Amino acid sequence: MTVLRGRLRGKRIIVLGVLGAVLALAGIAEAVLRYSTADRMADRMSRRLDADLTVSLGGTPVLVQLARGSFPHVEVEGSDATFRNFTGVSFDADLADVVREEGALRVGSSQVRAELSAEAIAASVASRGAGDGDGGAANGGLLGGGSGGDGGRPGLVVTTDPASGQLVAHAGPGQLVTVAMRPRIDGEALALDRTGVSVGGRPVPDRVADRWLAGLPRSLDLSELPLELRPDTLTVTDDGLRMDLKGERATVRR
């Protein structure tokens with residue numbers, strides 16, 4: 001009887017050992033497959049978004065998702081992305097119902113939170129403003145002549161005022177010219193409503209400001225964004241702008 005019990009105990013140990021090894025191998029296979037699948041997906045998206053991306057594939061085992069041919073929830077974190085007129089954008093994206101197709105990824109819907117730094121806003125405004133319109137020469141001087149320039153760096157500096165929900169552009173010699181703007185979403189554009197202009201702290205009449213700043217853009221285009229994204233909400237932060245965007249069905253091709 002004792003010998004029989006010992007044999008049974010030995011068989012149980014062997015079975016448990018085999019099961020443990022199988023589970024360990026399955027876990028390793030899942031981890032490797034999850035990494036390789038996410039890496040391929042990130043590579044494909046990064047080419048379209050021109051960004052450094054990290055992709056997470058949700059809690060469902062990747063083997064199950066691959067068998068179904070779809071990924072119900074994909075999280076994407078990006079940095080140094082290019083969004084239309086803006087560069088150096090950081091963002092977090094939630095993608096729903098992602099399906100791999102031949103040479104493409106089909107996305108059912110998406111929600112993105114993008115962080116636009118004050119530096120990125122200044123660069124976009126400066127690139128749009130210099131040389132535009134009848135006031136291009138004057139405006140180009142304002143945008144390029146600041147004492148804060150270093151080599152080819154524009155003299156335009158943008159700061160934020162979250163309490164009032166405004167951006168403040170500082171330009172001109174010594175950056176004595178300040179232009180206060182209230183950003184808002186206007187369809188597929190970021191509107192910059194000018195609320196005041198001053199030089200050395202003294203207000204400038206609107207008629208004079210209009211002539212000085214004729215080339216300064218009143219809006220920045222946000223159409224034709226990746227993933228069919230459209231701006232939804234906007235918040236002025238300590239560092240720049242936080243923009244929430246939503247997208248419907250879209251296709252990301254190689």
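Reply: A residue is called buried at under 20% relative accessible area, exposed at over 50%, and partly exposed in between, with a 1.4 Å probe and protein chains only. Glu115 is therefore partly exposed, with a relative accessible area of 29%. This is a predicted model, in which local features need pLDDT of at least 70 and side-chain atom pairs count only at pLDDT 80 or more, while totals for chains, interfaces and linings use all residues. Residues are numbered from 1 along each chain as its sequence is written, and side-chain values use heavy atoms, with hydrogens and water left out.

Me: How many helices and strands does the protein have?

Reply: The protein has five helices and 13 strands, where helices (H or I, at least four residues) and strands (E, at least two) are DSSP runs numbered from the N terminus. Of the 254 residues in the protein, 38% are buried. The accessible surface, from the Shrake-Rupley method with a 1.4 Å probe and, for residues, with only the protein chains shown counted as cover, comes to about 14200 Å², and 51% of this surface belongs to carbon and sulfur atoms. Taking contact to mean heavy atoms within 4.5 Å, 53% of the contacts between residues at least 6 apart in sequence join residues at least 24 apart.

Me: Which strands pair with E4?

Reply: Two strands pair if DSSP finds at least two bridges between them. Strand E4 (residues 104-117) runs antiparallel to strand E3 (residues 86-101), and eleven bridges join these two strands. E4 also pairs in the antiparallel sense with strand E12 (residues 240-247), over eight bridges, and with strand E13 (residues 250-253), over four bridges.

Me: What do E3 and E4 form, and which residue in the turn has a positive phi?

Reply: E3 and E4 form a hairpin with two residues between them, and Gly103 in the turn has a positive phi of about 75°.

Me: Which residues other than glycine have a positive phi?

Reply: Most residues other than glycine have a negative phi. Here Gln175 has a positive phi, near 55°, and Glu228 has a positive phi of about 55° although it is not a glycine. Gln175 is found in the loop between strand E6 (166-171) and strand E7 (177-186), whereas Glu228 lies in the loop between strand E10 (219-221) and strand E11 (229-236). Gln175 counts as partly exposed because its relative accessibility is 24%, and Glu228 counts as exposed because its relative accessibility is 52%.

Me: How many salt bridges does the structure hold, and which residues in E4 and E12 do they link?

Reply: Side chains of opposite charge can pair when their charged atoms come close. A salt bridge is taken here as a side-chain nitrogen of Lys or Arg within 4 Å of a carboxyl oxygen of Asp or Glu, and the structure holds seven of them. One of them joins Arg113 to Asp244, with the closest N and O atoms 2.8 Å apart; this pair links distant parts of the chain, since Arg113 is in strand E4 and Asp244 is in strand E12, 131 residues apart. Arg113 is partly exposed, with a relative accessible area of 40%. Another salt bridge is formed by the side chains of Arg242 and Glu115, at 2.7 Å from N to O, and this pair also links distant parts of the chain, with Arg242 in strand E12 and Glu115 in strand E4, 127 residues apart. Arg242 is partly exposed, with a relative accessible area of 29%.

Me: Which residues do salt bridges that share partners join into one network?

Reply: Begin with Arg194 and Asp210, whose side chains meet in a salt bridge of 2.2 Å, N to O. Arg194 is in strand E8 (residues 189-199) and Asp210 is in helix H5 (residues 206-212), 16 residues apart. Arg194 counts as partly exposed because its relative accessibility is 23%, and Asp210 counts as partly exposed because its relative accessibility is 37%. Salt bridges that share partners join Arg194, Asp210 and Arg218 into one network.

Me: Is Ser124 buried or exposed, and which residues is it in contact with?

Reply: Ser124, found in helix H3 (residues 118-129), is buried because its relative accessible area is 1%. Leaving aside its neighbours within four places in sequence, Ser124 is in contact with Asn85, Phe86 and Leu220.
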